[in-house]
Amino acid sequence: MKLNELTIKQAKERLKKKQFSSVDLTNACLEQIMKKNKNLNVFITVCESLALENAKKADKLISVGQDLPLLGIPIALKDLFSTKGIETSAGSNVLKGYIPPYDATVVVKLKQAGAVILGKTNLDAWAHGSSGENSDFGPTKNPWNTNFVPGGSSSGSAVSVATGMSMASTGTDTGGSIRLPASFTNTVGLKPTYGRVSRNGIIAMASSLDSIGHFTKTAEDSALFLQVTAGKDEFDATTPSVEVPDYTKDLEKGVKGLKIGIPKEYFIKGLDKNIKEEVKKAFRFYESQGAEIIDISLPNTEYAIATYYIIQPAEVSSNLARYDGIRFGQDRRAFGEEAKRRIMLGTFTLSVGYYDAYYKKAMKVRTLILRDFEEAFKKVDAIITPVSPTMPWKIGERVDDPLAMYLSDVFAAPINLAGLPGLSVPIGFIDGLPVGIQILGPHFSENLLFRIAHAYETAHKWYERTPNE
Amino acid sequence: MLTKQRISGMRERLMNSRTIIGLEVHVELKTKRKMFCNCSADYFGHKPNTHTCPVCLGLPGALPVPNKQALEWCIAIGLALNCEIPLFSKFDRKNYFYPDLPKGYQISQYDQPFCLRGKIEVNGKKFGITRVHMEEDTGKLSHGKVENEDVSLIDFNRSGVPLVEIVTDPDFNNAIDVKAYLQKLQQIVRYLGVSDADMEKGQMRLEPNISISLDVNSTKLPNYKVEVKNINSFGFVEKAINFELKRQQEILEKGEKPVQETRGWDESKQKTVSQRLKEEANDYRYFPEPDIPPLRWTDNEIADIKEKMKGKMPEDKIKELINLEVSQSNAVLLVANMNKLDLFNELYSKTKFIKGGTPIPTANQISNYLINKVVEHQTIPQIMHSIQSSLTLSSVSNDELKEVIRKVLKNNPKIMQDYKAGKKSVIQFAIGQVMYIIRKKIDTEILKKLITDELK
Amino acid sequence: MKIDVKHVAKLANIPLKNDEVKKYENQLSQILEYIEKLTKVNTDNIKETSQTTGLENVTRDDVASPSLKQDEALSNTKSKHNSLFKVKAIFEE
């Protein structure tokens, strides 16, 4: 097995035992990047010399017995995360060449935890997209079949972990942008509770919806990573003082006695029947492990996309107002089509005469959606649903139909509206392309999600499969 | 068709027209930290763009976190203006594009401001305060030519500094009351210790909204208003308002309606000049600021803020002075000048240490001296000494002096003539005349001032 | 539901070419039609949710800390003069 095919947990153990060095591990990742990046278009910026320099530093610390949570582990960052001195483009020509004078809080934390930063990954520009096709630097390709999309907007980050270019990578999830690409690439993608991880320094898409998460091979790795990034931040007023628990503590507890809900609104006509079959298999597995599967209803699910596509573009239109080319970047002519669309849609729904009918109304329906989940969690501990109604589509297939693109968020977006955590876990392949489920829980229930995912993973090691592309 | 009859009829109506003025004042708070970031708020006079950070520069990814002190001080201002303080409040985004606005929106307050429905008494009249709210300041724009091209230049040091906006009901109808209101407001914020409110430094900015209604009998507001900006000193206030009123009246006399717009006072041209058309009023697309959770006060917190204000207000200071037997008019004048009040307090506290032999000035005597004299660049002991010397001079009241002065001027009309012709030396003659009548040793400085005042 | 794209683009400070206007008009109208769904939902007596954290009163004390250095603040602009950001003249009069 190649070094970069290990999990973080395995790599950490072996680094400690000095079976190899961080430089070895980093080189393995860099080699993979050199081999595959041109074809798959995963990285916008690769920091080769900086990464090796930091790997060397990590090795020194390891040699004196220092133990930091991610010491010597090479990771990638979605190019939405401000990195001091390193170009941060948001996947857009508007920010091409922009070099932030500061690090995002999460980047500071990851550095302090000893992680080695390999580079910045490709994404739909401004995180606007579900496929990776809206990047101004070309789409990232799905490594399982390069004719297909890897999902978005955190397309590069998902593929970097799927192909072993990095041991973990960061992402953002505003309407499914971690969970969808995770399910399309056979990786584990965590969208934490809104506010669990600081948004400071991460280029804002929709302020009340953006969740800062990450991709890993396994749920255990995901827990190790969240341990570093979670916590209240004095620079982000929307991070509550909720204690950061030990996220690996409950991993092995299993699912016996847990009540898992299946919402009937997620098993509608539009759901691909092969996906439905795979998801049902997963439910049968959990039942066999002692979980109770309970039918529940989330009645306002059908209004979630409409609600999301009013609130999100409204906040986007305001958050993107600062890009005027005066203090940094290019002027507004450099915006891509999707960005322009969303800015205009948002501006319209906030404008005089329309605010009440659209934005205010959407904020009220949001309350109803939140209540649906609150009611459901009184009956069940967790909820499991498919992540996407369809399998990954061919590159180019949906670019001319923005609405069709938006509808791919139908299972993912309600979770963002409610601010809940969601963990996307691989459950297999259909015609060579990956499929996943999302495990949902109440606010700040991430350990429960890791526990439920871990139970599945120990019996189905999908992460041991690697794409041939 | 405007017939002569119609025009003269209009003029008659205008004589009885209503002037409607509402005031928007922005006060810069003298906090240490800016409103939403950790930069120092003490930006004035520093090198450009040296007091910025990702937040106040509007860099990608930066987030706002409110300054607690600023919020408390805004409440204090609201309480000083007798406002209601709703316990629940929030920030909103005001979206518009301008180069000095780095985020493309200003964090302000829209429908749930910190303070509402207050009132203030000035010149014996009551004026309503519509609201008092918090917002952040913008960067500073300057204009010039670089390589033959007209450019605008931006310094973001001021961006993010806390501003309190105080809006009055459209209750004012003349420039004198407006000036008095401004002076009182300036005193209030200075005595609360929340702002230095120096107009020349932009720490207190006034924007009157002015319109005229021809319909005297109704209380309906006219269907237009003109906002006037760039009034940077108390001196300009009266001039700007009076100019604008005259300008609008002339337009109305022609049977036209003044354009709803923003105008700027141009001191060099001594007139208001059109700036930007207010049009249908910019669509600011206000919505609740998602990056800042709302604020909820408790009654105890508001009571604490009120408690801290006790004894600090100008009225309190005036009462204190009156208790020391300073005359009402002196007390008002002293309080109007914070520096002089500080001097008074220092001097007064020293009177108990005066050794036997030298005269002990009363509070009122100290106040008299400070009001009438220029005392900059003098030390406390120097001032005290001067006061004591002046006490050996006869104490004739200002009113008595004024009576004599008026008599002298009446009997000697040439004094007035010569003064108006520019012969300042005639004042010495007048002083001599007064002294001759009174036949007591009088402080010639005070006399000179009173005579000059009468001549003006 | 027809959107006045020219007006919205102006409000949003998005420069659009004439041939783009029609395209966006069609796309946005389609999207708005879908969004109209919400009008059917009964939201009587329902309060708006703008924050899912339930947080209130998050503030910081009045303590200043160092700012960016002048060259850092100006490091990403293409247009500056005497340490000021430079733009085409804004005429106020």
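In this predicted model, the contact between domain 1 of chain B and domain 2 of chain B takes 6 residues from each of the two domains. On the domain 1 side, helix α3 of chain B, residues 175-192, does most of the work of touching domain 2, giving 5 residues. Sorted by class, that side of domain 1 has 3 nonpolar residues, 2 polar ones and 1 charged one.

Helix α3(B) deserves a look of its own. It runs for 18 residues and spans 26 Å from its first C-alpha to its last, close to the 26 Å expected at 1.5 Å a residue. Its buried residues are A175(B), V178(B), Y181(B), L182(B), L185(B), Q186(B), I188(B), V189(B) and Y191(B). An α-helix has 3.6 residues a turn, so residues three or four places apart point the same way.

Moving on to the contacts between chains, chain A meets chain B through 33 residues of chain A and 23 residues of chain B. Two helices of chain A, α9 (304-319) and α10 (337-350), are the elements that give two or more residues to the chain A side of this contact. Of these, α9(A) gives the most, with 3 residues. The class count for the chain A side comes to 17 nonpolar, 9 polar and 7 charged residues.

The contact of chain A with chain C involves 44 residues of chain A and 38 residues of chain C. On the chain A side, at least two residues come from each of α9, α10, α11 (356-379) and α12 (402-407). Here the top contributor is α11(A), with 10 residues. By class, the side of chain A that touches chain C holds 25 nonpolar, 9 polar and 10 charged residues.

Helix α9(A) turns up in both contacts, with chain B and with chain C. It has 16 residues and covers 22 Å from first C-alpha to last, close to the 22 Å expected at 1.5 Å a residue. As for burial, α9(A) is mostly covered, with 16 of its 16 residues buried.

What about the nonpolar interior? The largest nonpolar core counts 234 residues, and the ones with the most contacts inside it are M344(A), A382(A) and I77(B). Leaving aside residues up to four places away in sequence, M344(A) touches V5(C), V8(C), A9(C), A12(C), I14(C), Y24(C) and L28(C). There is also a second, separate core of 16 residues, which includes A331(B), L341(B), L343(B) and L347(B). In soluble globular proteins, nonpolar side chains tend to be buried together.

Within chain C, β1(C) is joined to β2(C), residues 84-88, by 2 bridges, and the two strands run antiparallel. One residue pair in this stretch is H81(C) with L84(C), its bridge partner in β2(C).

Conventions
Residues numbered from 1 in each chain as written. Chains lettered and ligands numbered in written order. Predicted model: local features only at pLDDT ≥ 70, side-chain atom pairs only at ≥ 80, totals over all residues. Contact = placed C-beta atoms within 7 Å. Helix = DSSP H or I, 4+ residues; strand = E, 2+ residues; numbered from the N terminus. Nonpolar A, V, L, I, M, F, W, Y, C, P; charged D, E, K, R; others polar. Pairing = 2+ DSSP bridges. Core = buried A, V, L, I, M, F, W, Y, C linked by C-beta atoms within 7 Å. Buried ≥ 20, exposed ≤ 12 C-beta atoms within 10 Å, placed from the backbone. Expected span 1.5 Å × (residues − 1).
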